[in-house]
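Visitor: I am new to this one. Please pick a single part and take me through it closely, then show me what lies around it.

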Amino acid sequence: MFACKTMQACFALPVHCMAELLYIEWRYEDMIKVIASDMDGTLLCDDHRIAPDTIAAVKEACAAGIRFMVATGRGYEGAMAELDGTGIVCDYILGSGAEVRDPQRKIVKECGIGMELCRDCLLYTSPSPRDS
């Protein structure tokens with residue numbers, strides 16, 4: 001998880017799960033603007049659910065004016081399957097940055113790779129008959 005203070009510096013918070021945010025006394029609370037969290041192994045427990053304490057911590061951070069966002073390699077459907085029903089309203093960075101969505105889940109930016117480039121990459125990385 002990362003907490004960033006404006007554009008001056010970014011630092012990693014040494015927390016094991018989002019729920020620990022409830023118990024950290026923030027010295028620089030007014031400097032923390034964003035908390036971005038991965039899903040698997042960070043926001044989600046081993047059972048692929050978000051613990052109630054974690055949900056409460058995220059909501060508390062948001063209520064304090066800290067912007068929360070999920071940053072994951074998962075696609076939209078995979079991420080929403082785990083987040084639906086939690087009441088967490090946030091921004092989403094999906095597909096390892098290929099898609100950005102706002103809290104209303106509308107696409108803000110897409111950075112997809114075209115089919116032609118995909119074909120070129122496949123041809124370039126596929127074994128050649130000469131490699132046998």
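Guide: Two residues touch, or are in contact, when they have heavy atoms within 4.5 Å of each other. The model is predicted, so local features need pLDDT of at least 70 and side-chain atom pairs pLDDT 80 or more, while totals for chains, interfaces and linings use all residues. Numbering starts from 1 along each chain as its sequence is written, and side-chain values use heavy atoms, without hydrogens or water.

Start at P103. It sits in the loop between β6 (99–101) and β7 (107–110). Helices (H or I, at least four residues) and strands (E, at least two) are DSSP runs, numbered from the N terminus. Leaving out residues up to four places away in sequence, P103 touches V89, C90 and D91. Take C90: 13 residues separate it from P103 in sequence, yet their C-alphas are 4.6 Å apart. P103 is partly exposed, at 31% relative accessible area. Buried means under 20%, exposed over 50%, partly exposed in between (1.4 Å probe, protein chains only).

Now step back. The protein chain has 3 helices and 7 strands. From the N terminus, the order is β-β-β-α-β-α-β-β-β-α. Of its 132 residues, 30% are buried. Among contacts between residues at least 6 apart in sequence, 50% join residues at least 24 apart.

β3 runs parallel to β4 (residues 67–71), with 4 bridges between them. Strands pair if DSSP finds at least two bridges. I35 has F68 as its bridge partner in β4.
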